[in-house]
Amino acid sequence: EAAMSPVLRALLALLLISGLGAVDAPSPVTPETASTAGPAIAPPASSVAQPPGLVISLSPGDGKTGLSSALTLMLVITALSIAPAFLMMVTSFTRVIIVLGFLRRAMGTQTLPPNQIMLGLALFLTLFIMAPTMRRLNDQALQPYLRDEITQTVALARAESASRDFMLKHTRKTDLALFIKLAGQERPKTAQDVAFTTLVPAFMTSELKTAFQMGFVIFLPFLVIDLVISAVLMALGMMMLPPVVVSLPFKILLFVLVDGWVLLLQGLVASYA
């Protein structure tokens, strides 16, 4: 082992020298090499591999809108997130869903029709009632904006004008005056001078009042049936039998005989005529 150790040391030294020689060391720059060597060529930026993903650009677009496609997509997603609140505040959805809830409570059917059916009916009935306003929004604001005929500011102003006309038509003057007073604003000269933030709560208050008035009218015939059934059961001495169990079939029968769904939906649509 003592005799082999010098041999092993020599082999290790040769391997180390050969490994160092394989590495290209930068040669010193001399005037001769500087004159012959050309300028260093940097790799193009496009050749650098980039991980795939969504690139959001804030550069102005080609049209008059001045928004890139990614920023427009972000604005659309934001609008969809606040669409439910917008639907409840500035459309007829509030009145329709409250009246349908009063009907289900007056009949005593608890969860029939189901909530999904009630919401679907209220949504499509709202679209039916709001069809003229939505057509005006599409013709005067959305389509010209998509054709780059108007700017985003003009499109929003036209959309606000259409919604404002609908809400002013169905807002009580007393409710509107109340919110103008609460806001500390001066009395507007025309209806178009009312601030949009003042008009929306006044419109919702009017919708709630109208919905509760319609709910009272819906409750009356079913209340009469409950009173009659209770008096009959009391006269027969059947005080242990809940009147609701007996009155529910009669309520359903009365509602079907008078074609209640047609009368109810006709009244809701006619209230916005």
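This is a predicted model: local features need pLDDT of at least 70, side-chain atom pairs count only at pLDDT 80 or more; totals for chains, interfaces and linings use all residues.

Analyst: Gly108 has a positive phi of about 75°, and this residue comes just after helix H5.

Let's begin with the length of H5. Its 15 residues should span 21 Å at 1.5 Å a residue, and the C-alpha atoms at its ends are 22 Å apart, which agrees.

Is H5 enclosed or open to the outside? Of its 15 residues, 11 are buried, so H5 is largely enclosed by the rest of the structure. The buried residues are Phe93, Thr94, Arg95, Val96, Val99, Leu100, Phe102, Leu103, Arg104, Ala106 and Met107. Their cover includes helix H4 (83-90), helix H6 (115-129), H10, helix H11 (243-257) and helix H12 (260-270).

The side chain of Arg95 forms a salt bridge with that of Glu207, at 2.6 Å from N to O. In general, side chains of opposite charge can pair when their charged atoms come close. Arg95 belongs to H5 (residues 93-107) and Glu207 to helix H10 (residues 196-235), so this pair ties together parts that are 112 residues apart in sequence. Are the two partners buried or exposed? Glu207 counts as buried because its relative accessibility is 0%. Arg95 also counts as buried, with a relative accessibility of 3%.

Arg164 pairs with Glu160, and their closest N and O atoms are 3.0 Å apart. These two residues sit 4 residues apart in helix H8 (residues 152-169), so about one helical turn separates them. Arg164 is buried, at a relative accessible area of 7%, whereas Glu160 counts as partly exposed at 33% relative accessibility. The other salt bridge joins Arg147 and Glu149, with 2.9 Å between the closest N and O atoms. Here Arg147 counts as partly exposed at 48% relative accessibility, and Glu149 is partly exposed with a relative accessible area of 48%.

Back in H5, Phe102 brings us to the aromatic rings. The whole structure contains 6 aromatic pairs. In one of them, the ring centres of Phe102 and Phe212 are 5.1 Å apart and the planes meet at 80°, so the pair is edge-to-face. Phe102 lies in helix H5 and Phe212 in helix H10, 110 residues apart, and the pair thus links distant parts of the chain. Phe102 counts as buried, at 17% relative accessibility. Ring pairs also join Phe102, Phe212 and Phe219 into a cluster. Another edge-to-face pair is formed by Phe255 and Trp261, whose ring centres are 5.4 Å apart and whose planes stand at 85°. Phe255 is buried, with a relative accessible area of 11%, while Trp261 is partly exposed at 33%.

What does Ile218 touch? Leaving aside residues up to four places away in sequence, Ile218 touches Val99, Leu103, Ala106 and Leu264. Val99, Leu103 and Ala106 are among the buried residues of H5, and Leu264 is one of those buried in H12.

That leads us to H12, one of the helices covering H5. In H12, Gly260, Leu264 and Leu268 are buried. Seen down the helix axis, they fall within an arc of 60°, so the buried residues of H12 line one face. On the other side of H12, Leu263 and Gln266 are exposed. The cover over the buried residues of H12 includes H5, H6, H10 and H11.

To put the picture together: H5 is largely enclosed, a salt bridge joins its Arg95 to Glu207 of H10, and its Phe102 pairs edge-to-face with Phe212.

Terms used: Residues are numbered from 1 along each chain as its sequence is written. Side-chain values use heavy atoms; hydrogens and water are left out. A salt bridge is a side-chain nitrogen of Lys or Arg within 4 Å of a carboxyl oxygen of Asp or Glu. Buried means under 20% relative accessible area, exposed over 50%, partly exposed in between (1.4 Å probe, protein chains only). The expected span of a helix is 1.5 Å times one less than its number of residues. Contact means heavy atoms within 4.5 Å. The arc is that of the directions from the helix axis to the C-beta atoms. Rings of Phe, Tyr and Trp (its six-membered ring) pair if their centres lie within 6.5 Å; planes under 30 degrees apart count as stacked, over 60 as edge-to-face and the rest as tilted.
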